[in-house]
Amino acid sequence: MKEPSENDPSNLARQRLAQACEAMDKTTRFGWAMMVGEAALLAMLGLAVADYWLMMPVLLRTAGSLGLALLLIIGVVRLVRFYRRPTRLKQGALVIESGRPELGCEVSTAAEYLAGERKLEHEYEPELAAALEAKTARALGGYSIPVPGKLIGYAALMAITLLALVFLVLAAPGGLTALERTAVPFSKAHYTTLEVKPGNTEVAIGRNVEITNIFSGRLPKVAHLSWSEKNAVNWQTAALTGDTQGIYLHTLTNLQADLTYRVAGSDAVSPEYKITTYIPPTVQDFNVRLNYPAYTKRGEVVQKSPDISVLRASTAEIRIQPSVGLKQARLRFSSGPERALTGNPDGTWSGNVPIAKDVDYWIELADAKGHTGVNEKPYHIKALPDNPPKVEISDPGKDIRSSSTNKVLVKISVSDDFGVEQIKLVFNKLGGAQQTVDAEREPGPNGEVLAKAELDLSTMGLKDYELVAYHAEASDNNTLDGPGIGRSPVYFIEITDEEAGKSLAQGQSQKVNLLVIQKQIVADTTALASASPEEKFKDLAVRQRDAAEFGRMYLDAISGGDAEAAATEMHAAITDMEVAGIQLEKQQRSGAISPEESALAHLYQVVKLLPELGNLPTTPTAGQKPPPSPKMQVVLEAIKQKNKEQPDNKEIEDALNQAKDLARAQSGLNIAMRHPGQPGDGRGQAGASPANSDSKPQPSKSQAKGSGQGQGQGQEQGNGDEPSDSTADAQAQAPQSPAQIAQKEDELSKEAAALAERLQRMAGKDKRLGHNPGSGAGRAAAKMAAAGQAMAAGSVAAAGEHGFQGQLALRNVVDQLERLLKNQPAPSDFAHEDSPKEYDALIGEYLKRLSHAE
């Protein structure tokens, strides 16, 4: 628009005044808009903060939103009015005059003339109006409306408010949600989000369901689970506790009916979920057909129990009758692949399981709807080994003397679970090759096989004081991984014409002599398996070196005189013993037997050449008259001196007492394990358990005559006193709860481990000890620690088994230490057995009791 010239003051004044009024209108409208906007922002910020902290319900949020909307409506209406009613010229002039007092009222008067509000009534008024208009045009030339201070304040306040909103959104979790909920009160936005697992699910009646609730966003201070069973009116509620990650768990136990549940926390509420219960498929009838390996010639055996104990390599056909029709069934094993069962026309399901190793298994069923069922406690499969035959020589069953021309009738008894294939008598002249004679068999009582064989000594070219070693062997029918070979103890025949006299090394003699020692070493080595543990070979090597030491004492006594031939024989015996000891150290059983036998033969030649040496005693007897032979006196004096040089027995006695105390304490724990959580609950049954018995189980018939390790040779077994377990004291002091039992078991295992270390240190200083007591105490510590771990895990049966094995290991340590203090050589070495075989039946009975207690 072209601006009027100075020659037209009226229009110029009008235009400049109108521009000033328009600038005023813009400032007013903008200021109003800023004021309304600032009020709306402040209101929204206040409502958002209030909702953020208080999580207002929808009604309050709606009221706040309506108030905010009303404020905006009023502001818009007023703004429209500002547009529809612009500022009049006079109003604008008055505003200008208020800002410029020097103008007086000239501008407003000129505005009146320009707007026609004042009429030209006098002659001078046109000139006056023109002059005023000209002055107004000049006054407004280059004039601009100043920005009001309150407009700057509005702008600053709005900036601060906007910054507060940005801070709320960025710094506070859920800030944007607060703004959304404020602006849209019916929004479903929540500060806390919730995920519930498993949601809708199905579960077998009586089972538990774990509800996992995962909260995110703002974590709730209080969360709860509510549920209601089908047809129930009231809801039940349980508070939830969670971790810092927002995971809250709760388990609904022993569900017996359908139920509905929901979870709430903070402002999050889950939908209602349903848990549907169903009757799981179960096994109504169980049938197992056991088919043994063909070589056993045993027929099929049928049992109803799901726990299977059968000879390895057998096949078990498992057949079940389910409670409902099944979609599938399978066997799941603790180790190995699963095995599917096959459905049969009669509704049963079956499958074959080869028995190869001990394993636990479960039967998993699924009905037509996919509902599953499984036994909670596992069933057990135990693969029994085919043990070799048990062989005994019933007659003569001991060391005897005989003429070289006699025939000795040997009677043998053999027992085996699955039949005996062959029985033979094995014999040899010491140092010579072994020979065999097949025994004639005949049936015996209780499944035993009786046999007899004749040993013709006349064919062996024997001389006086030579020996024949003999034992019986039997093989079974095992064609799968056998045959199993069983051997009787080794016995000896001394060749002499003095048939009425006793053997120089009679098996039942209580006197210890070098002949007994060497014969027992021969017998134990013969009975030793090639794959026996290293400690057994080392123990035999120590015994062989000790025998050689006694031999050197005799060699020193007979050397340098008229007994050159006897000294030569003794020297040869010592050399053979040393060779045998080296072979035993190398774990070469076959390489040790020949020099052992040769040494024994040389010892008998020494006795033949020097009868005054008797049977080569190794233990001086208190109160015995001095021997008539000076050579024997020298030997016995050397033995006495050797015994004086032996370490003091006090340390061994202390270790023995410690072992007894540990065995007694373990007995008390074994009692407590049978009834955990029941204080003082002996109920008169403690004595029924082998773990609590004060009397040692009686050995079997075969063990009474020898275990195949020379028990019949040399001396009777030393039956050391048992630890005097006081059942009443053990019950009174026994811990009560499973946690207490586990803690006490852990303490005892550490004490047993300390005893093991002590015995090993003592063995380094006292070679009489050997490795067996220390190994036995270490094995007891391991078993006791395993018992504590099993009890802590809630497995009472496993804890009882390990605890009982630990007590037996301690009893073995006690037996060995007592035998050592009585100077009785150990007839056998149990260092690597979990328990002596004579305890097997008692262990089985004990574990049955434990399983019933559990």
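This note goes through the strands, salt bridges and surface patches of the structure in numbered points.

1. Basis. This is a predicted model, where local features need pLDDT of at least 70, side-chain atom pairs count only at pLDDT 80 or more, and totals for chains, interfaces and linings use all residues. Residues are numbered from 1 along each chain as its sequence is written, and side-chain values use heavy atoms, with hydrogens and water left out.

2. Terms for secondary structure. Helices (H or I, at least four residues) and strands (E, at least two) are DSSP runs, numbered from the N terminus. Two strands pair if DSSP finds at least two bridges between them.

3. Strands S4 and S5. Strand S4 covers residues 223-229 and strand S5 covers residues 236-242. The two run antiparallel and are joined by five bridges. Ala 223 has Leu 240 of S5 as its bridge partner. The pair forms a hairpin with six residues between the strands. Asn 231, in the turn, has a positive phi of about 70°.

4. Strands S5 and S6. S5 also pairs with strand S6 (residues 247-252), in the antiparallel sense, over two bridges. Gly 242 stands opposite Tyr 248 of S6. This hairpin has four residues between its strands. Gly 246 takes a positive phi there, near 85°.

5. Strands S4 and S7. On S4, a further antiparallel partner is strand S7 (residues 259-265), with seven bridges. Glu 229 faces Leu 259 of S7. S4 is mostly covered, with five of its seven residues buried. Here buried means under 20% relative accessible area, exposed means over 50%, and partly exposed lies in between (1.4 Å probe, protein chains only).

6. The five-stranded sheet. An open sheet has the strand order S11-S10-S13-S17-S16, with antiparallel pairing. Strands S11 (301-303) and S16 (342-343) stand at the edges; each has a single partner strand, so one side of each lacks a neighbour in the sheet. S11 runs antiparallel to S10 (residues 283-291), and three bridges join them. Arg 289 has Val 302 in S11 as its bridge partner.

7. Salt bridges overall. How many salt bridges does a search of the whole structure find? The count is 30. The criterion is a side-chain nitrogen of Lys or Arg within 4 Å of a carboxyl oxygen of Asp or Glu. One network of salt bridges links Arg 330, Arg 332, Glu 338 and Glu 364.

8. Lys 197 and Glu 195. These two form a salt bridge, with the closest N and O atoms 3.9 Å apart. Lys 197 is partly exposed, at 41% relative accessible area. Glu 195 is also partly exposed, at 40%.

9. Lys 650 and Asp 654 meet in a salt bridge, at 3.3 Å from N to O. They are four residues apart in helix H13 (residues 650-674), and therefore separated by about one helical turn. Lys 650 is partly exposed, at 48% relative accessibility. Asp 654 is partly exposed too, at 31%.

10. Helix H13 to helix H18. The side chains of Lys 660 and Glu 818 meet in a salt bridge of 3.2 Å, N to O. Lys 660 lies in H13 and Glu 818 in helix H18 (residues 796-821), so the pair ties together parts that are 158 residues apart in sequence. Is Glu 818 buried or exposed? Glu 818 counts as buried, at 6% relative accessibility.

11. Surface patches. Patches are made of residues with over 30% relative accessible area and no salt bridge: like charges are joined within 9 Å, nonpolar side chains (Val, Leu, Ile, Met, Phe, Trp, Tyr) within 5 Å. Areas come from the Shrake-Rupley method with a 1.4 Å probe. Val 49, Trp 53 and Leu 54 make a nonpolar patch of about 370 Å². Leu 54 is found in helix H1 (residues 9-54). This leucine is exposed, at 63% relative accessible area.

12. Positive patch. Arg 78, Arg 81, Arg 84 and Arg 85 form a positive surface patch. Lys and Arg count as positive and Asp and Glu as negative; His and the chain ends are not counted. A charge is placed at NZ of Lys, CZ of Arg, CG of Asp or CD of Glu. Arg 78 lies in helix H2 (residues 58-84). Its relative accessible area is 36%, hence partly exposed.

13. Asp 576. This residue lies in helix H10 (residues 564-585). Asp 576 is buried, at 16% relative accessible area. Its C-alpha atom is 9.0 Å from that of Ala 548, which is 28 residues away along the chain.
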